[in-house]
Amino acid sequence: MKPFRKNVAVAIDGGGIRGVVVTRALAMLEDYLGQNVHEIFRLVAGTSTGSIISAGIAAGITARQMHKLYIELGNMVFKKSWRYTLWPLTRYRYPYEPLEELFEQYVGDMTMGDFWTSDPHTDVVITAFDLQENRTRFIKPWKETYKNWPVIKAVLASSSVPTYFPVVEGRYVDGGVGSYANPCYLAAYELKFVLGWDPSETTLISLGTGRSPHKFKSGEASSYYAWEWIEPVLGAFQHSADDQQVHLVDTFYQDLDFRRFQVDFQQPIAMDDPTKIPRLTVYGEELGRKILSDITDRAQGVLPKRPANM
């Protein structure tokens with residue numbers, strides 16, 4: 001693995017229980033560098049499950065501890081109940097209290113502002129979508145608006161995937177609603193224009209939570225009914241938006257040491273399937289090996305050719 005530069009940041013995608021992939025990979029990075037993730041990263045950005053991991057890093061939780069946390073989360077948060085059985089007759093499938101109670105054991109009553117005043121301070125970018133104002137919220141510890149927000153509130157707001165979890169405070173839902181399921185561009189912007197880091201002295205690691213395999217046959221879509229378009233359209237939007245963020249960083253921050261890592265699933269894995277945790281751990285080890293070998297994702301490095309006269 002190429003050495004990291006002076007400043008190091010990490011951006012982590014959403015994906016529910018698939019956060020297991022990232023926590024296992026980061027644990028391998030900790031072992032390799034002999035440092036915990038809090039010592040490695042001074043800027044962390046995350047959406048949805050990435051917000052849980054990012055907040056954990058900023059709070060000083062090791063990746064190994066977070067991997068254990070995810071195993072507990074899977075069995076507690078995504079526990080099948082009458083609410084799950086009766087959905088879509090219910091408003092959501094899972095209550096968020098198990099996530100709230102378990103994560104509070106690690107962060108207690110910390111506020112977002114505590115990340116900024118700690119030594120060394122850590123910048124954190126957590127995304128959530130505000131339904132009331134119809135915009136994405138960028139929750140950061142140095143912003144006056146958010147410094148008194150409990151960390152658990154920010155994490156719940158970012159993780160409340162519509163139909164899976166209830167809306168937080170009647171207005172906040174998953175930060176991946178929009179174009180920020182992959183927050184790498186947000187991290188690049190933050191490190192250069194907010195923290196004032198020189199991109200030529202900075203490494204940005206972007207971690208995906210697994211890419212589902214293509215499963216549509218040629219000509220199949222021509223026979224779709226209206227409701228059958230929901231899954232492929234949402235899937236196409238998510239993957240193209242994720243890759244778009246990678247292209248934006250590659251295009252506008254060419255002096256940055258930017259490394260995007262992702263793994264390809266052999267079979268689809270739902271974001272709420274804790275039975276796949278052992279398999280996700282194996283994928284996490286694959287992702288960890290890619291990080292340690294600098295095998296970046298195929299979405300990176302695909303830059304448009306410039307006209308000859310430019």
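**Entry 1: the model.** I noted at the outset that this is a predicted model.

**Entry 2: helices α1 and α11.** I looked up how α1 (residues 19–33) packs with α11 (residues 277–293), and found an angle of about 45° with the axes 7 Å apart. That angle makes α1 oblique to α11. I recorded the crossing of α1 and α11 as right-handed. I then listed the contact residues: α1 contributes, among them, Val21, Ala25, Met28 and Tyr32, while those from α11 include Leu280, Gly284, Leu287 and Ile291. Sorted by class, this contact of α1 with α11 has 13 nonpolar, three polar and three charged residues.

**Entry 3: helices α3 and α8.** I turned to α3 (residues 49–58) and α8 (residues 151–159), whose axes come within 7 Å and cross at roughly 155°. An angle over 145° counts as roughly antiparallel, so α3 is roughly antiparallel to α8. In this contact I found Thr49, Ser51, Ile52 and Ala55 of α3 with Val151, Val155, Ser158 and Ser159 of α8. The classes here are four nonpolar, four polar and no charged residues.

**Entry 4: strand β7.** I asked how many residues of β7 (residues 257–261) are buried. Five of its five residues are, and the strand is mostly covered. In a regular strand, side chains alternate between the two faces of the sheet.

**Entry 5: the partner of β7.** I found that β6 (residues 202–207) runs parallel to β7 and is joined to it by five bridges. In one of these pairings, Ser206 has Arg260 of β7 as its bridge partner.

Note on methods
Residues numbered from 1 in each chain as written. Predicted model: local features only at pLDDT ≥ 70, side-chain atom pairs only at ≥ 80, totals over all residues. Heavy atoms only, no water. Axes fitted to C-alpha atoms, helices over the stretch in contact; angles between N-to-C directions. Helix = DSSP H or I, 4+ residues; strand = E, 2+ residues; numbered from the N terminus. Parallel < 35°, antiparallel > 145°, perpendicular 65-115°, else oblique. Left-handed = near helix turned anticlockwise from the far one by under 90°. Contact = heavy atoms within 4.5 Å. Nonpolar A, V, L, I, M, F, W, Y, C, P; charged D, E, K, R; others polar. Buried < 20%, exposed > 50% of the residue type's maximum accessible area, 1.4 Å probe, protein only. Pairing = 2+ DSSP bridges.
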